Amino acid sequence: MKKNECFPMTADRLGADLEGICIHEGMPVFVPGLLPGEGAGIKIVKAEKRYAFGRMESKPDPVSPDRRTPDCASYPRCGGCTGRHMSYEATLAAKRQQVEDCFRRIAGIETEVPPVLGMDSPYGYRNKTSLPAGGTAEQPVLGFYAPRSHAVIPAETCPNAMPPANDLAEAFLGWMKQFHVEPYHEETRRGLIRHLVIRVNRKGESMVTVAANGSTLPHQQELTDALVKLGTVSLWLNENRAATNVILSDRFHLIYGRETFTGTLFDLQFELSPASFFQVNPVQTEKLYQTAVDFAQLKPADLLCDVYCGAGTITLTMARHCREAIGIEIVEAAVENAKRNAVLNGISNVSFRAGKAEELLPQMVAGGLRPDVICVDPPRKGLDPAVIHAMAQAGPDRIVYVSCNPATLARDAGLLRDEGYLVRKVQPVDMFCWTSGVETVCLLSRDS
């Protein structure tokens, strides 16, 4: 099989990025946009020794009953969603299968995976939208990066963005056009506007951060006036002159309004700054956290340790069900956010420690920490082996693992099995509708 060769193929199943997987002469070929049972002429665009990537050169025939007309003009060029050509129910089924396959293939664990907890209305759910700028001073654009590229695909609106994010982006682009504000160009490192980052809350308020290759904005008052009309309560300039693809630097200048604004989960309030981490889908976050609380089975006398706690969202949610909760987080600013959020919500049975989980948790366990429940919510790379070993040494009755990557979750579940902890329950949650991403809550307890 070589690049540019064409073959008729039929997809057997979906891959981890919702792409069709065809088997041609014993080799898997990954084809974006092709659904199981559909056949098409496939052109090979990249061939490796054990697999290949293809592109549909003809319309699918037969057409899957799960296929639908995409409801976004930027699909599939923008790369944000990989499943807008499918019914929502089909994306949920694919995500459930992905979780089950990861446990089986990676860890050899056979576990029942229930249906994914989806959204009743999977639209307008993202409370944070990051839009790179492109084009020219005369014709600027805002949009999203094309897959595996930094080419900006213009997007007038995003169906995933929570209102009023699309209106704010339109107003910002209008300001750029009116005053000929030049977008930044990575190749030349010239131009001003790099990214527009919009955060909104359930009250319709917004915090807008302009990432710029400079320390000031032209016609700043006109921009402020345009955004405040649409509910902006906090406007920031992020000065980012670095020759990297990192969106935000650590240099923030407040242009207008409050330094923070408030996000809510359940009846809890969380103070958010421009650099704060907060789950992007509040409706589904509540389902995710409620599942974690249910799995934890906390008792009034229990001690909880929440590792990778961020700004304390899970810690504070669980603290009301136990005697004491301890949060561990590497980002010191997030720890300060967590402490303020505890005060903001009147929760006094919590404490937070700043440090690397792989260093701090073993130290605390060696010092006598013996929690009844440990909750972990690690980044995509999963748990460090030192964390797994320390958890086993601490000997909690239950481990609640919240994961954004089923592959590393399955790997870590296998390692925890070697430490005497078995998977008891899993529950996937659809946090990122129309994408391939899936969150999973997993309960593990000792092999008795």
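The dialogue below explains how to read several features of this predicted model.

Q: In what order do the strands of the open sheet lie?
A: Strands of a sheet pair through backbone hydrogen bonds, either parallel or antiparallel. Strands are DSSP runs of E, at least two residues, and helices are runs of H or I, at least four, numbered from the N terminus; two strands pair if DSSP finds at least two bridges between them. Here 7 strands form an open sheet in the order 8-7-6-9-10-11-12, with mixed pairing. Strand 8 (152-154) and strand 12 (252-257) are the edge strands, each pairing on one side only.

Q: In which sense do strand 10 and strand 11 pair?
A: Strand 10 (residues 206-212) and strand 11 (residues 232-239) are parallel, over 7 bridges. Thr 209 has Trp 236 in strand 11 as its bridge partner.

Q: Is Thr 285 buried or exposed?
A: Buried means under 20% relative accessible area, exposed over 50%, and partly exposed in between (1.4 Å probe, protein chains only). Thr 285, in helix 4 (residues 282-296), has a relative accessible area of 0% and is therefore buried.

Q: How does Tyr 51 count?
A: Tyr 51 lies in the loop between strand 4 (39-47) and strand 5 (52-56). Because its relative accessibility is 34%, Tyr 51 counts as partly exposed.

Definitions and conventions. Residues numbered from 1 in each chain as written. Predicted model: local features only at pLDDT ≥ 70, side-chain atom pairs only at ≥ 80, totals over all residues. Heavy atoms only, no water.
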